[in-house]
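Below are some notes for a colleague who has not looked at this structure before. Please read them with the model open.

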Amino acid sequence: MISKTLKVGLFVVAIGSMAFSNAQEREGKRKPNPEKIFKKLDSDANGSISLEEFKANRMKDESKAELLEKRFARMDADSSGELDMAEFKKALARMKGRKDRKPKHDDN
């Protein structure tokens, strides 16, 4: 009787640990939250991201300044010099769309 109870108990523990492990894996694959990213980039908390804020948070190498300026300009749909939340979300959606597309291979 005790060995049967022990076996059932071990089975329950094994199933529980697998479920916990799967939950942790799914947690790591969650989409980034645009609002949280926006707040992090908006260092002065004025509701928009300036080019300086964008570069300060994204540029680890000075040689990438021009690339970041071009990326910012593409994201800044109204050319105001700042990104609002709507522009930021739209740009993230466009970038995600590009990642989801499979590259075309030309066999010729």
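Leaving aside its neighbours within four places in sequence, which residues is Lys 55 in contact with?

1. The model is a predicted one. Beyond its neighbours within four places in sequence, Lys 55 is in contact with Ala 65, Leu 68 and Glu 69. Lys 55 itself belongs to helix H3, which covers residues 51-58.

2. Is Lys 55 buried or exposed? Its relative accessible area is 18%, and because buried means under 20%, Lys 55 counts as buried.

3. On the overall layout, the protein has 5 helices and 2 strands. Along the sequence they come in the pattern α-α-β-α-α-β-α.

4. The largest nonpolar core has 10 residues: Phe 38, Leu 41, Ile 49, Phe 54, Leu 68, Phe 72, Met 75, Leu 83, Phe 88 and Ala 91. Two or more of these residues come from each of helix H2 (34-41), helix H4 (65-75) and helix H5 (85-100). H4 gives the most, with 3 residues. In soluble globular proteins, nonpolar side chains tend to be buried together.

5. Ile 49 is a member of that core. Apart from neighbours within four places in sequence, Ile 49 is in contact with Phe 38, Leu 41, Asp 42, Phe 54, Phe 72, Gly 81, Glu 82, Leu 83 and Phe 88.

6. For the chain as a whole, 17% of the 108 residues count as buried. Of the contacts between residues at least 6 apart in sequence, 36% join residues at least 24 apart.

Conventions. Residues numbered from 1 in each chain as written. Predicted model: local features only at pLDDT ≥ 70, side-chain atom pairs only at ≥ 80, totals over all residues. Heavy atoms only, no water. Helix = DSSP H or I, 4+ residues; strand = E, 2+ residues; numbered from the N terminus. Buried < 20%, exposed > 50% of the residue type's maximum accessible area, 1.4 Å probe, protein only. Contact = heavy atoms within 4.5 Å. Core = buried A, V, L, I, M, F, W, Y, C linked by side-chain atoms within 4.5 Å.
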